[in-house]
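Open the model in your viewer and keep the selection tool ready. We will go from stop to stop, and at each one you select something and look around it.

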Amino acid sequence: ISVKKKIAFLPERPIFDGWMTARQFLRYHHMLAKQPFADGRKDVEEALDLVQLENAARNRKITQFSRGMLQRVGLA
């Protein structure tokens, strides 16, 4: 049972709100997780850096992302 706290599920073809950018999407979920507002920008950028989503893509609408880019956002 304790292992469930360390694992998650990400579908092969995740479906996200396409009108958001990657930054907006992660900032929104940061807020939903009730994380400190002041840490949001830093946490989002660290997550996007961790999954190596290129800077040019971070402000692009999610509908323009490839499958691999969607998976990166999902992991972030």
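Select Arg58. Arg58 sits in the loop between α2 (40-50) and α3 (67-75). Helices here are DSSP runs of H or I with at least four residues, numbered from the N terminus. This is a predicted model, in which local features need pLDDT of at least 70 and side-chain atom pairs count only at pLDDT 80 or more, while totals for chains, interfaces and linings use all residues. Residues are numbered from 1 along each chain as its sequence is written, and side-chain values use heavy atoms, with hydrogens and water left out.

Is Arg58 buried or exposed? Arg58 counts as buried because its relative accessibility is 3%. Buried means under 20% relative accessible area, exposed means over 50%, and partly exposed is in between (1.4 Å probe, protein chains only).

Now show what surrounds Arg58. Leaving aside neighbours within four places in sequence, Arg58 is in contact with Thr21, Ala22, Arg23, Glu45, Leu48, Asp49 and Leu53. Contact means heavy atoms within 4.5 Å. Look at the backbone oxygen of Leu48: a polar atom of the Arg58 side chain lies 3.4 Å from it.

Glu45 and Arg58 form a salt bridge, with their closest N and O atoms 2.8 Å apart. Glu45 is in helix α2 and Arg58 in the loop between α2 and α3, so the pair ties together parts that are 13 residues apart in sequence. A salt bridge is a side-chain nitrogen of Lys or Arg within 4 Å of a carboxyl oxygen of Asp or Glu. Side chains of opposite charge can pair when their charged atoms come close. Glu45 itself is partly exposed, at 22% relative accessibility.

Salt bridges link Arg23, Glu45, Asp49 and Arg58 in a network.

Move along to α2. Which residues of α2 are buried? Select Gly40, Val44, Ala47 and Leu48: these are buried. They lie on the same side of α2, because they cover an arc of only 95° around the axis. The arc is that of the directions from the helix axis to the C-beta atoms. Show α1 (22-32) too, as it is part of what covers the buried residues of α2. Then step just past the end of α2 to Gln52, which takes a positive phi of about 60°.

Lys42 is partly exposed at 46%, and Asp43 is partly exposed at 23%.

Glu12 is exposed at 52%, whereas Arg67 is partly exposed at 39%. The salt bridge count comes to six.

Now the rings. How many aromatic pairs does the structure hold? There is one. Select Phe16 and Phe25: their ring centres are 4.6 Å apart and their planes are at 50°, so the pair is tilted. Rings of Phe, Tyr and Trp (its six-membered ring) pair if their centres lie within 6.5 Å; planes under 30 degrees apart count as stacked, over 60 as edge-to-face and the rest as tilted. Both Phe16 and Phe25 are buried.

Last stop: Phe37 and Arg27. The charged end of Arg27 sits over the ring of Phe37, 4.6 Å from its centre. The rule asks for NZ of Lys or CZ of Arg within 6 Å of the ring centre and within 35 degrees of the ring normal.

Methods:
Helix = DSSP H or I, 4+ residues; strand = E, 2+ residues; numbered from the N terminus. Polar contact = N/O pair within 3.5 Å; in protein donor to acceptor, adjacent residues only side chain to side chain.
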